[in-house]
Every structure is written in C-alpha cells, then in structure tokens.
Protein chains: 4
Amino acid sequence: MIIVLRPDATKKQIDHIVFKVKKLGLKPWVSSGVERTIIGVIGEEDVLRSQPLEVFPGVEKVLSILKPYKLASRDFKKDDTIVDLGDDVKIGAKNLVVMAGPCSVENEKLLINIAKKVKSAGADILRGGAFKPRTSPYAFQGLGEKGLKYLAKAKKETGLKIVTELMDVRDIDMVSKYADIIQIGARNMQNFNLLKEVGKSKKPALLKRGMSSTVKEFLMSAEYILSEGNFNVILCERGIRTFEDATRFTFDINAIPLIKNLSHLPIIADPSHATGKWGLVGPCAKAAVAAGADGLMIEVHPNPEEALSDGEQSLWPENFAKLMDELEAVATAVGREI
Amino acid sequence: MIIVLRPDATKKQIDHIVFKVKKLGLKPWVSSGVERTIIGVIGEEDVLRSQPLEVFPGVEKVLSILKPYKLASRDFKKDDTIVDLGDDVKIGAKNLVVMAGPCSVENEKLLINIAKKVKSAGADILRGGAFKPRTSPYAFQGLGEKGLKYLAKAKKETGLKIVTELMDVRDIDMVSKYADIIQIGARNMQNFNLLKEVGKSKKPALLKRGMSSTVKEFLMSAEYILSEGNFNVILCERGIRTFEDATRFTFDINAIPLIKNLSHLPIIADPSHATGKWGLVGPCAKAAVAAGADGLMIEVHPNPEEALSDGEQSLWPENFAKLMDELEAVATAVGREI
Amino acid sequence: MIIVLRPDATKKQIDHIVFKVKKLGLKPWVSSGVERTIIGVIGEEDVLRSQPLEVFPGVEKVLSILKPYKLASRDFKKDDTIVDLGDDVKIGAKNLVVMAGPCSVENEKLLINIAKKVKSAGADILRGGAFKPRTSPYAFQGLGEKGLKYLAKAKKETGLKIVTELMDVRDIDMVSKYADIIQIGARNMQNFNLLKEVGKSKKPALLKRGMSSTVKEFLMSAEYILSEGNFNVILCERGIRTFEDATRFTFDINAIPLIKNLSHLPIIADPSHATGKWGLVGPCAKAAVAAGADGLMIEVHPNPEEALSDGEQSLWPENFAKLMDELEAVATAVGREI
Amino acid sequence: MIIVLRPDATKKQIDHIVFKVKKLGLKPWVSSGVERTIIGVIGEEDVLRSQPLEVFPGVEKVLSILKPYKLASRDFKKDDTIVDLGDDVKIGAKNLVVMAGPCSVENEKLLINIAKKVKSAGADILRGGAFKPRTSPYAFQGLGEKGLKYLAKAKKETGLKIVTELMDVRDIDMVSKYADIIQIGARNMQNFNLLKEVGKSKKPALLKRGMSSTVKEFLMSAEYILSEGNFNVILCERGIRTFEDATRFTFDINAIPLIKNLSHLPIIADPSHATGKWGLVGPCAKAAVAAGADGLMIEVHPNPEEALSDGEQSLWPENFAKLMDELEAVATAVGREI
C-alpha cells in the first residue's frame with residue numbers, strides 16, 4: 001500500500017502515520033520527493049485495508065498494490081478450475097457447456113417439452129426459475145417448490161443437469177435437493193449471507209454479476225463463497241447497467257478475457273439478459289464464445305408470446321437449435337468444442 | 001399502453017394482437033398513421049405488463065403510460081406521509097429529522113459516547129450497524145446481537161430512537177426487538193423476500209436506494225413493503241454509481257424533489273455515503289436540505305482514524321455540532337425547522 | 001407522437017393542446033381511458049419534436065413513435081451500404097476490412113516499417129493520427145501536416161489506403177488531400193460543424209461513437225453527414241464509458257448487431273480503444289467479428305514501449321499477424337472472409 | 001509515479017525499467033516487498049506520463065501520485081480566482097452571479113422582453129444561444145450573427161452582460177465582438193482546438209462540464225485554456241449522464257464542493273440542463289447555492305410553450321423572479337449574497 005501525503009504534510013503528521021503503521025506490525029518506508037512525500041508499506045496489505053488511512057491528518061490519498069481477493073485470484077491458483085457435475089458435464093474444460101430453458105418454470109408439460117427440445121439441440125443443463133426476483137410485487141413470483149419438482153422430473157426424463165436460482169437463505173436445503181447448480185442472481189450478488197450459506201453447502205454455484213458491479217467486486221463476491229470452502233464456483237457475465245437504453249443491459253464482453261486473466265474460475269455468458277432482445281442473442285452468444293467464454297446460458301421458450309417472464313429475450317426452440325449449429329463453427333474457430 | 005407496430009406489419013399480425021388484447025379483458029383501439037399503425041390499450045395496464053408484447057410478430061416497441069407503482073404514488077395518496085416514532089419524532093413533517101452515529105457499532109463505551117454527543121448537537125435518532133454488508137469477506141462484519149444490545153443501552157441513556165440495518169430474513173424478530181426503524185441497505189434494495197418480511201412486520205422501515213437503481217425501481221421496492229400493509233416507509237437517497245471516481249458515489253440531488261413530486265413518502269439523504277469524503281458531507285447535507293429533503297443520515301465517529309468501517313466519510317463530533325448549527329439557517333431559508 | 005395527460009388535466013387544457021397540434025397542420029385524436037386521457041398525433045413527427053410539449057399545462061409526458069433519424073435508417077434504405085475505396089477495398093461487403101497502424105504518426109521510418117508489416121499480415125488500410133485529441137495540453141499533439149505526408153509516403157510504398165483523424169474544420173482541405181477516409185474521433189462525434197463539413201466534402205467518413213453516446217445519438221450524428229449528401233459513412237464502435245474501471249472503456253458488443261438492424265451503414269469495431277489493454281484486443285476483435293462487424297481498427301506499433309501515445313493498447317506486429325490468422329477462422333465461421 | 005511489478009517479474013525486467021527511468025532524467029528507487037516489488041519514481045511525473053509504462057515486460061500497473069493538471073490546481077494558486085467583468089459584475093466573489101435568459105435567441109422583441117424581466121428580477125448576465133449544438137440536423141440551429149446582434153441590443157437596453165456559446169473556431173472573432181463571456185458547451189468540452197483559441201483570446205470563458213467527463217478531465221480542459229495564458233475561466237456543472245432516465249441528466253452536486261477544494265477557479269451550476277424539468281430547477285438551484293456554487297445559469301422564457309429549444313426546462317419570468325427571492329434566503333444562510 002502506498003500512502004501519498006499532501007504537499008503541506010508536517011513532520012509530525014508523517015511520524016504519526018509511521019507510528020501507526022508499525023503498531024500494526026508492518027514495515028513503512030518513507031520517500032521524500034520534490035513535490036510529495038510518500039510512505040510505502042510492506043507486509044499484509046489486508047491489515048491496512050481496514051484502516052481509514054485517508055482520514056489521517058496529512059494524507060492525500062491511498063493507493064492499493066495488491067488485489068483484495070485471494071482465493072479467486074490466478075496468483076493463488078494457476079490452473080483453470082473445472083467444475084465437474086458428473087456424467088461428463090464439466091464447466092471450464094475444452095468443451096463448452098450450454099444451459100438453456102425458460103426464464104421461469106411455468107408448468108410441468110411445458111417444461112418437459114422445452115427440456116426435450118434443448119436437449120436434442122445439444123444443451124447439457126436445463127435452466128428455469130422456481131423463485132423469481134421481480135421488480136414489481138404484482139408480477140409472477142415463481143412456483144416455488146412445485147417448480148423445483150417439475151425441474152426434477154424434467155431431469156429424470158432427459159438426463160439434463162439442473163441450474164436454478166436461490167433467493168432466500170431459508171430455502172437452501174430445499175433448492176439443494178433438486179439443483180445440480182445453485183444460481184445466485186445478479187440482484188443477490190452482494191447478499192453476503194446468501195453467499196456464505198452457499199459457500200458452506202459445497203454445491204456448485206453459478207454466481208451472476210451484479211448489474212452495477214465492477215469485476216473486482218464480482219471476484220470479491222466469489223471470494224465469499226470460496227472462503228467458506230466451496231471452490232465449485234462458476235462466474236456468469238450477464239450485462240451491466242449503463243446509460244445506453246436501446247438494449248436492456250450492456251453486455252460487457254471485455255470482462256470475459258479479463259476475468260480469464262485475473263481468475264482461475266470458469267466464466268460463462270448470458271446473452272439473453274445481457275441484451276434483452278431475442279434478435280441480438282445469437283450474435284452476442286457467438287461473440288462470447290469467440291472471446292473465450294466457457295459456456296452460455298440462454299433463455300428458450302416454446303412460445304415466447306405466452307411466457308410469464310422475459311418473453312422478449314427468449315428464443316424459440318428452432319432458433320436455439322439453429323444457433324447451436326452456428327456456435328459449433330465459432331467454437332471450433334477458437335479451439336473449443338460444443 | 002401503446003403498441004407501436006413495424007412499418008411492415010401485416011393486417012393478420014394486427015388482428016392477432018387485437019385478439020390477444022381483447023382476450024385479456026382490455027379494450028384496444030387501432031390508429032393507422034401515414035408511417036405507422038399503433039394500438040392503444042385502455043384498462044388495467046398491469047394485466048398487459050406481464051405480457052411480452054414486444055415478441056409478438058409485427059411489434060416494434062411498447063410504450064407504458066401509467067406508472068408501475070400504485071401505493072407509493074402521489075396519485076394514490078395526495079398528502080405527505082408522516083412516519084411517527086412517538087415522543088414527537090416524526091419524519092416527513094415540517095421539522096427535519098437527523099439520524100447520526102457511527103457506521104458500525106464497535107463497542108459499548110464508544111457508542112454511548114457518540115450517542116451523547118450527537119444528542120446534544122441536536123440529532124433525534126442514533127444510527128449504527130450491528131450487521132454490516134462488506135464487500136470483502138475478510139472485513140469486519142459487525143457485532144451482531146451484542147451490537148443491538150449496545151444500541152438499546154444507548155437509547156436508554158439518551159432517549160434517542162434507533163435505526164439499524166437488517167440483512168437477513170432470519171434476523172427480523174431480533175432486529176425488531178431493538179430498532180425503532182429497520183434499515184434496508186442499498187445492496188438489499190432488491191432483496192425482495194427481505195422487503196416482504198419488513199412489509200409484514202409493520203415496523204417503520206428506512207429503504208436506501210440501490211446504487212444502480214432508477215427512481216422508478218426505488219419506488220417499486222417501496223411498493224413491495226407497502227403492498228404487504230406497512231405504510232411506514234422512509235426513503236433514503238445515498239448516491240448512485242456513475243463513471244465519476246473522484247467521489248465514492250454521485251449524490252443524485254435531482255431525486256429529492258423528483259420523488260417529492262412522484263410519491264407521498266418522506267425522503268431523507270445520506271451525504272456520508274453519497275460523497276464518501278468527510279470534507280464534502282457538510283456542503284452536500286446543506287444541499288439536500290435546500291432541495292427539500294425531510295431529514296439527514298450522517299456518520300459521526302469520535303475518532304475516525306480508529307473506525308472499523310467507513311472512517312473516511314465520518315465527521316468528528318465537533319464538526320457535526322458545527323454542521324447542525326449551519327443546517328439550521330438553511331432549513332429556515334426553505335421554510336423548515338431542525 | 002403520443003401525448004399522455006395528467007390524471008387531473010382539464011377539458012380546457014386538452015382543447016388547448018388539440019388546437020396547437022392542428023395549428024401545426026397535424027391531426028390529433030383524443031382517447032379517454034379510465035385513468036388517463038392521451039392524445040395521439042398523426043403526421044410528420046419532426047414538426048412536433050421541436051415543440052416543448054411537456055411544458056403544456058396538463059401534460060405528463062410525451063412518447064415518440066418514430067425514429068428521429070431518417071437517412072441513416074434501414075427503413076429508408078433496405079440494402080447494406082458498401083463504401084468503395086477503389087482497388088477492391090470495400091467496407092460493408094462480405095470481405096472484412098482491417099485498418100491497422102500506430103495511434104500517432106511519430107516519424108517516417110517507423111511509420112513505413114509498420115505499414116509494411118501490417119500490409120504483409122493482411123491489413124487493407126493504414127491508420128495513424130497526425131492530429132491527436134489529448135486530454136492533457138502537455139501531451140504529444142501530433143505532427144500535423146508532416147504526419148499526413150508520411151502517411152502519403154507509406155501509402156505510396158505499400159498500396160494501403162489511409163484513414164486519419166480530422167479535428168478542426170479549418171484543416172478539412174489539407175486532410176482530404178492525403179486521406180482515403182476521414183476519421184471523426186469519439187470526442188468530436190457531436191462537433192456538428194465538423195460533421196457538416198465532412199458531409200459537404202463527400203470523402204468517405206469513419207464516424208467513431210462518442211464515449212457516452214447512445215446508439216440513437218450515434219445514428220443522429222451520422223444523419224448530419226448524410227443530410228449534407230455524403231452517404232459514404234462508416235460507423236465505428238470503440239467502447240463507452242461506464243462505472244467499470246478495470247478496462248479503459250466498456251466495449252458495447254450489443255451495439256454491433258443492433259446497429260446492423262437499425263441502419264444500412266457498415267459498422268466496424270476498434271477493440272484497441274474499447275479495451276485499452278493489448279492483452280484483451282485479440283479476444284475482443286474475435287468477438288466483434290463473431291457478432292457481425294464489417295471490419296476492425298487495431299493499433300499496432302513495432303515497439304509499444306516507445307509509442308508516444310496509447311502504447312498500452314498497441315499490439316506488436318507479430319501479435320497482430322498471429323491475430324489476423326486467428327480471425328480468418330472466426331470470419332469463416334460466421335460466413336465472412338478476411 | 002509508482003510502478004507495481006507482477007509477482008513473477010524478473011531481475012532483468014526490473015533492471016530494464018530502472019534503466020529507462022534513469023534515461024528520462026528521473027530517479028527510481030526499488031522496494032522489494034514479500035509479495036511484490038515496486039519502483040517509485042521521483043521527479044517530473046509528466047515526463048513519465050507520456051510513457052506507456054504498462055506495456056513494459058514485468059509491469060502490472062502504474063499508479064499516479066500527482067494531479068495531471070497544474071495551473072488549474074489549488075496547489076498552484078491558493079486564493080480563489082475572481083473573474084471581473086467590470087461594472088461590478090464579478091464571478092467567484094461573495095456575491096453570487098446569476099445568468100438567465102432563453103436557451104436560444106429567437107427574435108429581437110422576445111429577447112429584449114426576457115432581458116428586461118430577468119434584469120428586474122436580479123440577474124446580472126443575459127444568456128442566449130446564437131449558435132446551437134443540436135442532436136438532430138433537422139432542429140433549429142440558431143440565428144448566427146443576427147442572434148449576436150440582438151444580444152448586443154439587449155445589453156445596450158438593460159446593461160446586462162452577455163454570455164453566449166462559441167461552437168466553431170472560425171467564429172471566435174465574431175462571437176468575441178458581442179460576448180462578455182464566451183461559453184464552451186458540454187459537447188465541446190474536449191474540442192481541444194476550440195479551447196486553445198479561447199485560451200489565446202483572453203476573453204472570459206465559461207467552460208461547461210462534458211456530460212460524461214470526470215472532474216479530472218474537466219479540470220484538464222480548463223488547463224488547456226489556462227495554459228494559453230487565459231486565466232479568466234469559469235467552470236459550470238450542468239449534469240452528467242448516468243443510467244437514471246427520469247431526469248435529463250444527473251446533477252453532480254458533489255462536484256461543486258470537490259472542485260472548490262481542488263481548484264481556485266469559480267464554479268457555477270446550471271440546474272436547467274442538469275435536471276431537464278422546470279419543476280426541479282428551483283430546488284436544485286437552491287441546492288447548488290447551499291453547496292457553495294458561485295452562481296447559477298438558468299433558462300427563462302416568457303412562453304416556454306413556444307420556445308424553439310429546451311422549453312421543458314425553462315422557467316416563466318414570474319417563477320424566476322420568485323426563485324430569485326427564495327435564493328436570497330439560501331445565499332444568506334451560507335454566508336453569501338445575491
């Protein structure tokens with residue numbers, strides 16, 4: 001950590017900071033330039049992070065040197081993490097994984113219908129929400145456990161793995177019973193108690209990026225899960241909020257190669273939420289694969305006109321099947337399989 | 001709701017939409033312009049909101065006419081809501097309310113010390129977190145129930161009311177026992193299950209705006225609480241996330257008069273979080289009052305250098321006392337008292 | 001255009017608006033719903049756009065139906081525009097076009113060196129700034145006409161076409177003499193007088209998206225050029241400003257397929273500026289091609305350590321050559337050539 | 001400047017950087033911590049700023065210590081700059097200055113009518129655009145020199161000073177002839193050639209913050225003017241672009257006290273543009289004064305319904321007069337006059 005002093009910092013102020021740093025068991029070194037004095041601190045940066053150094057008299061600003069996350073960092077673990085769900089479904093390996101299905105689980109028949117279609121098009125995992133975080137209290141909130149049971153049935157009939165969202169710490173046992181992957185939605189990316197519970201549960205977790213979270217905060221939230229001992233974490237870029245209102249969110253494609261550099265965790269992309277328009281899902285899915293994503297999460301609905309949520313961004317099954325074909329060529333072009 | 005059709009929409013497509021709208025019990029009217037046909041829909045807009053109209057063949061875009069929130073709207077209730085905590089502490093009345101105290105409750109002695117100081121400077125309510133949502137799993141997470149007990153003791157000694165954050169649905173009974181106002185933090189503004197529980201509890205609730213929430217979403221989250229029957233909701237503007245990185249957040253001062261127009265609920269401002277720098281807290285507190293805020297939430301710490309969280313944005317007690325004096329003049333200038 | 005009235009709008013206010021609309025030669029129709037009255041207006045929406053309708057007594061909001069741009073719209077021209085530079089260099093055709101070179105022109109020898117290398121790697125057009133918009137007045141501002149002359153020499157030696165930035169209306173004749181494409185930089189996207197001059201000049205223009213411009217504003221700026229009679233406009237997505245600070249900008253990949261839908265103009269991507277980090281340029285270049293971009297603009301420097309501007313985001317020539325190979329596979333995967 | 005090395009940086013890489021730094025005439029010092037080696041550099045930071053240090057092998061990131069602007073900084077000049085227009089109109093002094101008038105100059109009679117009204121309400125300066133930067137090429141673009149002549153006439157009749165926008169370097173002599181203050185609009189904040197010309201002209205300049213500019217970039221643009229020798233620069237906060245779409249822009253109230261700390265230049269606020277809604281102008285004008293602004297720029301139109309631009313955000317003269325009365329109380333409350 002580097003402490004930059006104000007041009008008018010006094011010797012007494014400098015000595016006070018040096019004293020405080022030493023008291024924390026760290027080693028300060030002072031360097032006096034022509035325009036500024038700066039104090040470097042060697043040792044565990046985390047000890048200092050909890051100190052409000054900027055409030056000390058004479059301090060102008062404080063610059064961090066180390067990353068605030070550890071377990072999520074590629075410095076900590078060089079090799080790519082591969083999350084293995086069994087039955088040869090692995091996330092982070094050469095083969096890309098595709099999660100597809102409706103936004104919400106609506107009824108049994110419809111779900112099994114979609115499940116069969118996405119399976120035959122090549123998906124590995126069925127997505128579908130039984131608990132839905134909706135902006136409006138008057139919108140459809142999901143079927144709850146009944147929805148989870150339909151997912152289990154679809155799994156039994158198709159062999160697809162299941163990913164579904166957990167919204168409430170009180171539901172973790174129930175959701176774990178049915179899900180192969182527990183999804184933490186964007187709105188809960190900083191619901192820290194939920195992250196801790198998922199960390200303790202050891203179930204594979206799909207952590208979606210908060211719509212206004214930096215990549216650093218995203219990795220800090222992964223760190224919450226990892227630090228409880230659960231290393232089966234899959235990251236998911238799903239668009240961030242910006243001033244652009246022609247699309248629902250702005251798909252941050254930069255984040256994919258960036259996170260691949262910073263972290264060993266697998267990262268997939270959700271072009272359905274990231275664009276909010278079904279017509280853009282295909283091109284952006286291809287872009288994600290070209291940029292190095294380890295997989296995709298795509299909304300598919302047999303009749304988007306009738307969908308109880310997010311119909312605007314859902315693909316018809318036939319469009320999804322066509323997209324899967326097209327993705328194969330792109331995956332091959334970047335040395336992956338699908 | 002207005003459905004704008006594509007220039008190439010066919011008669012069959014138009015008829016299909018008209019049929020669907022009627023099936024929902026609504027009344028469509030079709031208007032064919034030179035360049036576009038549009039379909040207006042009269043009746044309960046909410047029925048339509050759950051339909052993914054943009055996915056219908058021939059549709060270009062859908063425009064909302066009504067606001068998606070009802071109970072939170074000034075159309076629903078003309079008069080200002082006043083949240084009455086008893087002992088003459090009212091939020092939303094002519095008298096401005098000031099909530100002050102440390103970011104986190106750290107220990108009993110320090111808390112009571114601050115409580116006495118903010119009380120004597122004119123604050124009505126003591127703030128202090130026993131449960132802290134921290135970006136890093138390695139940062140101080142709060143004292144839990146022990147912290148709540150210290151707050152209760154400080155209340156007993158000073159007569160200040162207590163506002164403190166609830167992070168976990170499982171803690172609602174515990175927090176309710178000690179708090180006069182339950183705070184929902186910015187990171188939980190869309191933790192909908194938490195909102196519903198607070199709605200059922202009937203305790204006064206302070207709802208902080210999410211750092212990337214629009215005013216509309218903010219009022220929708222209030223609607224979650226109201227729709228469960230709890231009308232004692234206080235809104236709090238605490239800064240939004242933008243590209244500007246010279247301050248911690250961007251204090252959205254526009255939101256204060258805007259929300260006063262749109263809603264009957266009281267709104268206060270938190271200039272400590274909105275700026276992240278103690279040197280800016282005073283000017284922005286005055287700005288909030290000048291713009292019509294019903295109160296302020298301000299971080300005060302007897303020794304910000306030693307604070308376990310957010311020391312950079314905390315005022316020393318003497319600065320706070322001075323600010324309270326200065327605020328009086330501004331309040332008077334806009335026809336309020338403090 | 002749809003005018004939504006306030007719930008308390010009076011008959012007199014409604015009549016006043018109807019009167020005004022008719023006075024403009026337009027046809028209003030009034031529709032009274034249970035909760036709101038709305039007034040639709042048929043005819044040239046542009047006539048109304050210049051009226052501040054929201055200020056009329058009784059009006060709550062005004063909703064646009066038509067797009068504010070015309071000539072740039074795909075409604076106006078169905079087929080893709082292809083900008084033909086001669087010698088078989090076409091932008092917007094099946095073959096992708098690659099513009100490569102240094103951020104700034106620094107000296108003759110270095111420029112010709114780079115030009116030869118990017119040419120042999122497969123680039124069609126040489127980029128290089130002779131006039132540089134720099135945030136700091138103390139930073140290198142470009143070589144001016146001397147730089148343009150070096151570009152001309154590089155063109156002569158390699159056969160590459162030239163794209164270079166115009167910053168000042170007074171320089172248009174000079175820049176036109178040397179450039180095959182005049183670049184309008186992001187900071188000048190709303191320098192309307194510059195746009196008009198480029199519109200009059202008829203030279204092919206590369207219009208970069210402003211860092212905080214919506215897609216709609218981007219197309220409106222293109223409209224400025226088109227409306228002066230110059231249809232040789234190439235759009236360029238180069239990243240937008242968001243809260244994310246781990247990359248220089250956020251590459252808005254959504255914008256590529258979106259603009260392909262909305263407009264007939266070709267669109268290329270600049271992953272060097274959009275990421276600001278050379279390690280991310282390759283993956284994001286591939287993403288752009290996968291998403292449907294008509295070409296790329298990439299910064300290449302033989303020794304980024306010595307570059308006078310933007311070295312952090314420049315590729316070494318050997319990395320660029322390798323990327324060109326990899327791009328070929330991606331282009332083929334999406335039915336294009338390179 | 002601090003150069004942070006990667007954990008795996010080699011001795012050879014470190015030596016190479018040290019060599020380069022010394023070659024620039026600067027003094028490096030190397031400090032090897034447990035986790036990282038860092039290199040501090042003492043001397044003129046600007047020399048290094050032009051070097052793309054992040055591209056050097058072994059470098060992870062580069063941290064700046066000094067501010068990139070000099071002449072605009074309060075470190076350079078402790079005392080507040082006061083821009084004196086003569087006739088006792090000073091900007092930056094105890095007395096607040098108010099600039100009021102229509103968005104565009106529309107015709108002579110109307111302008112003189114407004115000028116008289118704002119004068120009698122207490123304004124010091126008449127605003128009005130003769131050249132208008134409009135998003136659409138089809139919108140009213142201003143009257144040009146005819147508009148400037150009307151402004152001159154209004155000045156003669158009322159004694160008000162004139163502020164008007166310059167959009168094109170070619171018009172600087174013409175605009176200077178009529179204006180007391182040359183306004184640089186938000187869209188031209190980084191039109192660096194325009195800034196240089198205004199810097200050479202020595203006329204007082206009102207520099208509006210770009211809608212997506214950081215405070216640092218804003219001060220860098222002021223530096224362009226100052227570095228050409230013109231110290232009569234007035235800054236103007238006019239709202240930034242964020243995700244919030246309920247208001248036209250987000251008024252960054254934090255920027256006012258922040259800039260007062262960082263710079264000696266006077267700063268005023270434009271609540272008309274910052275809110276885009278006339279109903280919010282009053283509360284936000286008061287907020288700006290409470291936060292320490294040196295003045296206000298407010299749009300006033302005798303009949304906003306008929307305004308050729310920005311009618312939605314214009315006050316009627318009677319509302320403006322009422323606001324001026326209310327502002328007096330707020331100004332007094334913060335120790336200023338109006």
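**Exercise 1.** In which sense do β11(A) and strand β12 (residues 233-237) of chain A pair, and over how many bridges?

*Solution.* The model is predicted: local features need pLDDT of at least 70, side-chain atom pairs count only at pLDDT 80 or more, and totals for chains, interfaces and linings use all residues. Residues are numbered from 1 along each chain as its sequence is written, while chains are lettered from A and ligands numbered from 1 in the order in which they are written.

Step 1. Strands (E, at least two residues) and helices (H or I, at least four) are DSSP runs, numbered from the N terminus. Two strands pair if DSSP finds at least two bridges between them.

Step 2. β11(A) and β12(A) are parallel, with four bridges. One bridge partner pair is A:Leu206 and A:Ile234.

Step 3. The chain passes from β11(A) to β12(A) through helix α7 (residues 215-226) of chain A in a right-handed crossover; right-handed means that, with the strands pointing away from the viewer, the path from the first strand over the helix to the second runs clockwise.

**Exercise 2.** Determine what stands on the other side of β11(A) and where its side chains point.

*Solution.* Step 1. Strand β10 (residues 181-184) of chain A runs parallel to β11(A), joined by three bridges. A:Gln183 is opposite A:Leu206.

Step 1. Together with helix α6 (residues 192-201) of chain A, β10(A) and β11(A) form a right-handed β-α-β unit.

Step 2. From β11 (residues 205-208), A:Ala205 and A:Leu207 point one way, A:Leu206 and A:Lys208 the other, and all are buried (20 or more other C-beta atoms, placed from the backbone, within 10 Å of the residue's own).

**Exercise 3.** Check the length of helix α10 (residues 278-291) of chain D against its residue count.

*Solution.* Step 1. The expected span is 1.5 Å times one less than the number of residues.

Step 1. With 14 residues, α10(D) should span 20 Å, and because its end C-alpha atoms are 20 Å apart, the two agree.

Step 2. D:Gly292 follows the helix with a positive phi, near 110 degrees.

**Exercise 4.** Describe the open sheet of chain D.

*Solution.* Step 1. Its four strands have the order β2-β3-β1-β4 with antiparallel pairing.

Step 1. β2 (27-32) and β4 (59-63) of chain D are the edge strands, each pairing on one side only.

Step 2. Strand β1 (residues 2-5) of chain D pairs with β4(D) over four bridges; D:Val4 has D:Lys61 as its bridge partner.

Terms used: Buried ≥ 20, exposed ≤ 12 C-beta atoms within 10 Å, placed from the backbone.
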